[in-house]
Structures are given as structure tokens and as C-alpha cells.
Amino acid sequence: MAVDYTTHDGVAVITLNNPPVNGLGLSTRAGIVEGIERAQNDPAIKAIVLTGAGKAFSGGADITEFNTPKATQEPTLATVIKIVEGSVKPVVAAIHSVAMGGGLELALGAHYRIAAPGAQIALPEVKLGILPGAGGTQRLPRAIGLEAALNMIVSGAPVLSEKLADSGLFDEVVQGDLAEAALAFARKVGAKEGPHPKVRERKIEHPNAAGFIQFARNSVAGIAKNFPAPHKCIDAVEAGVQNGFDKGLEFERECFIALVQTPESHALRHAFFGERAASKIPDVPADTPVRDISTVAVIGAGTMGGGIAMNFINAGIPVTLLETRQEALDRGLATIRKNYEATVKKGKLKPEALEQRMALITPTLSYDDLKHADLIVEAVFEELGVKEQVFKRLDEVAKPGAILASNTSTLDVDKIAAFTKRPQDVVGLHFFSPANVMKLLEVVRGKDTAKDVLATVMKLAKKIRKTAVVSGVCDGFIGNRMIEQYIRQALFMLEEGALPAQVDRAIEKFGFAMGPFRMSDLAGNDIGWAIRKRRYLEHPDMHYSKIADRLCEMGRFGQKTGGGWYDYKAGDRTAYPSNVVDEMIGEFSKDTNAARRKIGDEEIVERLVFALVNEGAKILEEGIASKASDIDMVYLTGYGFPLYRGGPMLYADTVGLYNVERAIRRYAARPNGDAWQLAPGIAELAAKGRGFND
Ligand code: T1G
């Protein structure tokens with residue numbers, strides 16, 4: 001049993017002991033019931049304490065059991081809570097560190113609750129696309145009132161226990177030893193005559209419940225756009241207010257069962273686990289010793305270098321910032337300061353914190369000042385010759401054991417490592433612009449990169465609040481390699497009959513933050529142009545549409561030149577469809593004898609998304625990514641893929657690889673079909689009726 005039972009002078013202590021966070025899995029649930037019954041049958045026991053071992057009271061239902069028979073096997077959490085609440089002897093929940101989801105619901109079933117300060121109290125189910133399914137929508141409003149409860153349930157945000165001291169949730173918030181306080185509290189209430197208080201018997205007082213609930217509905221409209229759960233949370237609370245506890249509980253159960261099956265909830269749970277799975281590298285043991293990273297150096301104070309430096313100083317790690325010229329260094333520092341001033345203006349950073357962070361930067365023009373750095377990240381010009389000079393110099397000055405990282409987005413990390421005599425200390429750290437904002441960090445593992453270097457940078461990524469995904473060495477790593485196929489399809493579709501605004505609208509309706517043409521205008525069409533020119537030399541056999549080259553030859557690089565795929569007005573970032581471009585596209589089709597046809601939104605979405613899926617399957621087959629969820633995390637955190645669809649690989653599973661394969665074969669038989677080389681893995685999995693994420 002994942003539960004310990006001990007007795008202390010008339011008090012039974014039931015301790016949840018199911019590391020890492022006392023998830024309420026079947027064995028834990030059964031253990032609690034056994035403990036409650038054992039205490040009922042022991043005349044020496046006058047009261048019961050329920051508490052958690054390790055780093056949590058309880059992190060809630062064991063989400064690894066979701067959609068498995070164990071999740072609904074008795075005793076379910078609802079049954080456990082009913083037994084706790086029905087105990088004749090008083091049950092005292094003693095909460096520390098974390099009481100979330102089902103963990104908080106369990107505590108709400110107890111007669112009394114005491115807590116240590118600093119505990120995270122939450123009902124985060126809505127973030128998993130579900131709602132509290134074990135009475136939370138009924139008991140929390142009775143414990144802390146309608147408004148506070150609705151805020152917690154709909155936001156899923158944690159509140160610190162001391163902030164809830166007078167909310168009605170806790171009988172005491174104790175400063176000293178929680179275990180001792182719990183025993184003393186239990187002895188006190190154990191001496192009292194029953195029956196002991198039940199949260200379910202409290203009333204929900206509110207002067208205008210219907211009005212507040214309507215207000216809550218209006219407030220969630222935005223965040224609930226693609227997610228059904230927030231509204232269901234409000235429905236369940238409303239049911240309890242209108243029809244009483246038992247009817248409310250019944251309705252909550254119905255809502256839970258409906259939500260847990262939704263693709264949105266599946267996607268959110270996939271992202272939750274995918275985020276954690278990404279930090280696990282199959283051949284790097286979890287206990288691999290890590291190197292100490294106390295001080296970092298960044299080479300290059302441009303847009304990327306400055307943003308990268310901010311990540312580390314935000315985490316309190318001092319940074320030595322190296323540039324080749326004083327004015328570049330001054331400009332870089334001024335940009336960092338300006339970024340922080342904007343954050344201060346938004347009220348998200350105290351003015352004194354700004355100066356503390358700026359003080360963590362040591363600007364320099366000399367490589368010699370890098371000799372103490374534990375990690376050196378270069379963000380210099382994206383050209384192998386420049387990288388060679390930098391890494392040869394680093395090899396001379398960096399101390400032994402320093403990690404040497406390149407922020408390259410397209411160059412071969414193995415070639416860069418070979419510029420040094422310590423390839424085992426070289427790794428790629430591909431930040432995404434703006435580097436101090438984007439969560440995604442591609443960690444590019446060279447063939448010689450040492451395992452402790454990988455373990456170190458994965459741990460450091462967590463500290464600087466990045467979602468780090470390990471990629472092998474290939475052109476474009478994971479994200480850019482896939483987006484290249486996506487853009488190829490977008491360009492072919494212009495040749496075949498579509499227009500930029502139509503393609504963007506279709507994929508933005510699918511849920512992408514920004515379509516390929518608006519994105520390209522934002523990033524600069526000349527960036528893609530340079531990459532294509534390199535491609536034409538490296539892969540002369542690869543068939544690309546030249547339509548984007550023609551746009552660049554017109555000098556239409558996007559927002560920065562006032563026109564790209566779209567027209568722009570000065571000071572206005574709105575993308576206006578361009579007659580000039582539409583005419584150019586028509587001309588181009590004529591020049592290439594491409595018969596234009598109407599292309600529907602479904603084809604647009606399939607060709608863009610399945611191009612990602614097909615390349616992702618090849619990335620998996622080549623071992624560039626170790627798991628499909630890693631690829632999904634790249635797209636969810638770095639490329640604006642809609643969270644409610646879970647990433648390209650999960651979306652393909654939702655569509656069914658059988659259907660993905662058929663669609664790809666269909667496009668392969670059409671004009672420009674040579675771009676569709678079906679990844680063998682898709683056909684193999686489809687034949688077995690399986691998905692990437694099984
Ligand atoms: N079940 C199983 N494993 C869990 C878990 C859970 N609820 N929560 C975390 N883990 C694992 C996680 O995968 C990781 O595993 C390890 O614990 C450490 O997590 C009926 C149905 C609790 C604040 O949504 O917010 O209750 O990678 O790295 O930063 O109404 O985990 O080590 O193998 O995040 O210290 C509702 C989700 C469930 C809480 C700890 N509960 N968890 O943060 O560690 S639904 C949640 C968190 C529910 C009821 C419904 C955080 C944390 P591994 P971590 P952390």
C-alpha cells in the first residue's frame with residue numbers, strides 16, 4: 001500500500017507515501033480506506049490525522065492512471081472522500097508543500113484542516129482540460145465562498161496556504177512542526193463529542209450568486225475559446241448553488257466524464273507529460289552528475305546575445321557579455337536595459353530589481369575575461385568561418401570543464417565542436433527569438449557531447465524556465481527542418497492556385513498563431529531567401545518553388561521593407577493583401593504553365609500540417625528526436641502550434657495515421673507531388689493501427 005499507518009497515544013496517522021507527489025493512485029486510495037476503517041475499529045483511537053510524506057500532501061489524482069481501468073476502479077477518489085467524511089472519529093488533514101486537485105478535494109472531505117505556510121493550494125484540473133471531479137466544485141465554494149472558489153477553479157492557479165488562513169478553508173495555519181501540531185489538534189477534537197463538521201453541510205452565501213456566475217461566464221469567454229473545461233467548471237458550481245450539494249456532485253461527475261474524453265483534455269495532458277518527458281534523455285541516467293554553472297559568458301550582444309544573456313540574469317546567474325566593438329557592446333546593454341524598463345512599466349518588475357539585474361552583467365571586449373565562465377554561449381554571425389574563429393579562441397581561454405555552446409540555428413554542431421580540442425564539452429543551445437521570451441530551447445547533441453554536459457544543460461534549462469528538447473545533428477535540427485517542408489507546401493500552393501491571405505487564414509483558423517506568409521513577412525523574407533540559395537547549391541535535386549525568390553527580387557522582404565507577401569502602412573503592423581503580389585503570383589503560374597485551381601481550406605491545412613508530420617516521422621526514424629512528444633513540445637512552445645491540438649504528432653494520432661498516410665499518398669500523385677516522400681514509419685504504424693504517441 002502506498003500509505004503508512006501509525007498510532008500515537010490515541011491518534012492514528014495515515015501518511016500518503018506514493019512518491020514523487022503522493023498521486024492518488026488506486027493503491028493509495030485503497031490504503032486510505034483501509035486506514036480509516038482500521039482506526040474506526042480500534043477503540044484506543046479517538047482521532048485520525050491524514051498527511052503526506054515527502055514533497056507533497058498530495059499532487060492530486062494520479063494522472064498516469066487517466067484513461068486506464070485503474071482510474072475508475074473502486075475505491076474511486078469520490079468513494080474515498082465519502083468514507084473519510086463519513087468517519088465517526090474526526091479526521092484532520094495536515095497539509096504541507098502541495099495540496100492540489102484531488103489532494104485538495106481529499107482534504108475538503110476531512111472534518112478539519114491545518115496547514116503549514118508556503119503550501120501550494122490549487123484545483124488545477126482546468127489546465128488539464130477537465131474539472132475537479134471529486135467534489136471540488138461543490139466543497140470549495142462551501143469552504144471559502146463562491147467568488148474565491150470560482151476564481152481558483154476556473155484559473156487553476158495555486159494560492160499559498162497562508163493567503164487562505166482566514167478563508168474558512170483551514171482551522172489553523174501552523175508555524176511550528178506540522179506533525180506535532182496535527183497530533184495536538186487531533187487530540188483536542190478527539191475529546192469533543194461528535195458529530196464533527198462537514199464542509200458539505202455549510203451553506204454557499206452570496207448576495208447575488210446568479211449575477212456573479214454570469215460575470216464569471218463573461219470573464220472566461222476569452223480563455224475558453226478553444227477549451228470546453230472553463231465553462232463546465234462554472235456550470236458545475238452553478239448546479240450546486242441552484243440544486244444543492246448532492247445534485248451538484250452528480251452533475252460534476254457527468255461533466256468530468258464528458259471532459260476527460262475530449263481531444264482538448266487529451267492534448268493538454270499530453271503537453272503536461274511531454275514537458276516533463278522532454279527533460280529525460282533515454283541514454284543519460286537521471287542521476288548523472290551535473291557540472292556547477294555559477295557564472296556564464298555570452299559572446300555577441302546583438303538581438304540574440306542580449307536576449308540569451310537576459311535569461312541567465314533573470315535566474316540570478318551573472319553574465320560576462322563579450323563584443324568586438326565598444327559601440328556594439330553599448331548598444332547591446334542599452335537594449336537589455338530598455339527591455340527591462342518596459343517590464344517595469346508593465347508593473348512586472350520592481351525598479352530596484354532592474355538595477356540588480358543590470359549589475360549582474362560584466363561587459364567586456366576581451367576574451368581573457370571569459371576564463372572563469374562555467375558556460376560560454378556564442379551568438380555570433382551565422383557563418384561557419386566566424387564560428388571557427390570563436391571556438392578556436394574559446395579553446396585557448398576557457399577553463400577546463402567549461403561548457404562551450406553555440407546558438408547556431410542551422411550549422412553543423414559536430415563541425416563546430418571539431419574546431420576545439422574538447423568536442424565533449426561542446427553542445428548546441430538553439431534559443432528562439434526573442435530569446436528572453438520564447439520558452440523553447442533546442443539542445444543540439446553532437447556526436448561527442450558528453451552525457452554530463454547534456455544533464456547539466458537540461459537542468460539549467462529548467463532554472464531559466466525553458467522547455468528544453470534534445471535534438472541530434474541535422475540540417476535545421478527538429479523545428480526548422482520540419483518548418484521547411486511546411487513552407488515548401490505553402491509556396492507550391494501559391495503556384496497551384498491559392499493566395500497568401502487564404503493560406504494564412506486557413507491555418508490560423510486551424511489554430512496556428514500566425515500563418516506562413518504573415519510569419520515570413522515578420523521574420524524577413526530575405527532570411528528564407530538566403531537559406532534557399534544555400535539549398536539550391538547543396539541539394540540541386542530538391543524541387544522548390546521559386547515564387548518566393550521572385551518576391552525577394554522585387555525587394556519585398558516583409559514588414560521591414562514596408563511590403564512582403566502583404567502590403568504594410570507606416571507604423572501599422574496590419575498585413576493588407578497586396579494586388580501587386582497577387583498579380584505576381586498569377587504571372588508566375590503562367591510562366592511556369594501551372595494551371596491554377598481553387599484550393600480548399602481542408603487541403604491547405606492537410607498539406608501544411610501533414611508536411612510537418614511526415615518530416616517529424618523521419619526525424620523520429622533517424623533518431624534526431626527520441627520521442628514524438630519531444631517534437632510536439634517543439635511545436636507547442638516554439639512555433640505557435642495550437643495547444644488544444646497537442647502538437648503535430650498528437651494531431652496526426654487524433655486524425656489517425658491511416659488517414660494521414662492516404663492523404664500523403666494522394667498529394668504525392670498530384671502536381672509537385674515529388675515533395676511527398678512518405679515516411680516509412682507512418683505506413684508501418686498505420687498498418688498496426690497504432691499512433692506515434694502510443
Ligand atoms: N500524478 C502523477 N504524477 C504527477 C502528478 C500527478 N498528479 N503531478 C506531478 N507528477 C509527477 C511529474 O510527472 C514528475 O514526474 C514529478 O511528479 C515531479 O513533478 C479527481 C482528476 C505537483 C506542483 O494537475 O502541478 O486531481 O518526471 O516536475 O515542479 O479532481 O507536478 O519526476 O517522473 O512538476 O515540484 C490534478 C500537476 C490532477 C498537479 C509539483 N493535479 N502537478 O511540481 O515537480 S487531476 C495536478 C503539478 C485531479 C481530481 C482530478 C506539479 C506539482 P517525473 P514536477 P514540481
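1. Basis. The model is predicted, so local features need pLDDT of at least 70 and side-chain atom pairs count only at pLDDT 80 or more, while totals for chains, interfaces and linings use all residues. Residues are numbered from 1 along each chain as its sequence is written, and side-chain values use heavy atoms, with hydrogens and water left out.

2. Domains. The protein is split into domain 1 (3–260), domain 2 (296–471) and domain 3 (479–549 + 597–688), with bounds from an automatic or database domain assignment. The centres of domain 1 and domain 3, taken over C-alpha atoms, are 45 Å apart.

3. In the model, residues 295–471 are 41% helix and 20% strand, with end C-alpha atoms 25 Å apart. Residues 476–568 are 62% helix and 3% strand, and their end C-alpha atoms are separated by 30 Å. For residues 604–687 the content is 68% helix and 0% strand, and the end C-alpha atoms lie 26 Å apart. Helices (H or I, at least four residues) and strands (E, at least two) are DSSP runs, numbered from the N terminus.

4. H18 and H24. The axes of helix H18 (residues 479–496) and helix H24 (residues 601–621) come within 8 Å and cross at roughly 150 degrees, which makes H18 roughly antiparallel to H24. Axes are lines fitted to C-alpha atoms, for helices over the stretch in contact, and angles run from 0 to 180 degrees between N-to-C directions. Angles under 35 degrees count as roughly parallel, over 145 as roughly antiparallel, 65 to 115 as roughly perpendicular and the rest as oblique. The contact (heavy atoms within 4.5 Å) includes Tyr486, Phe492 and Met493 from H18 and Ile604, Leu608 and Leu612 from H24. By class, the contact of H18 with H24 has eleven nonpolar, three polar and six charged residues. Ala, Val, Leu, Ile, Met, Phe, Trp, Tyr, Cys and Pro count as nonpolar, Asp, Glu, Lys and Arg as charged, and the others, Gly among them, as polar.

5. H11 and H25. Helix H11 (residues 263–277) packs on helix H25 (residues 628–638) at about 105 degrees, with axes 9 Å apart; H11 is therefore roughly perpendicular to H25. His270, Ala271, Gly274, Glu275 and Ala277 of H11 meet Ser629, Asp630, Asp632, Met633 and Leu636 of H25. This contact comprises four nonpolar, three polar and three charged residues.

6. H1 and H3. Helix H1 (residues 26–40) and helix H3 (residues 77–85) have axes that come within 10 Å and cross at roughly 20 degrees, so H1 is roughly parallel to H3. Arg29, Ile32, Val33 and Ile36 in H1 meet Leu77, Val80, Ile83 and Val84 in H3. Seven of these residues are nonpolar, none polar and one charged.

7. Backbone. The peptide bond from Glu74 to Pro75 is cis, with omega near -5 degrees, and Pro75 lies in the loop between helix H2 (69–72) and H3. The bond from Ser433 to Pro434 is also cis, with omega near -5 degrees; Pro434 is in the loop between strand S15 (426–431) and strand S16 (440–444). Arg465, not a glycine, has a positive phi of about 55 degrees.
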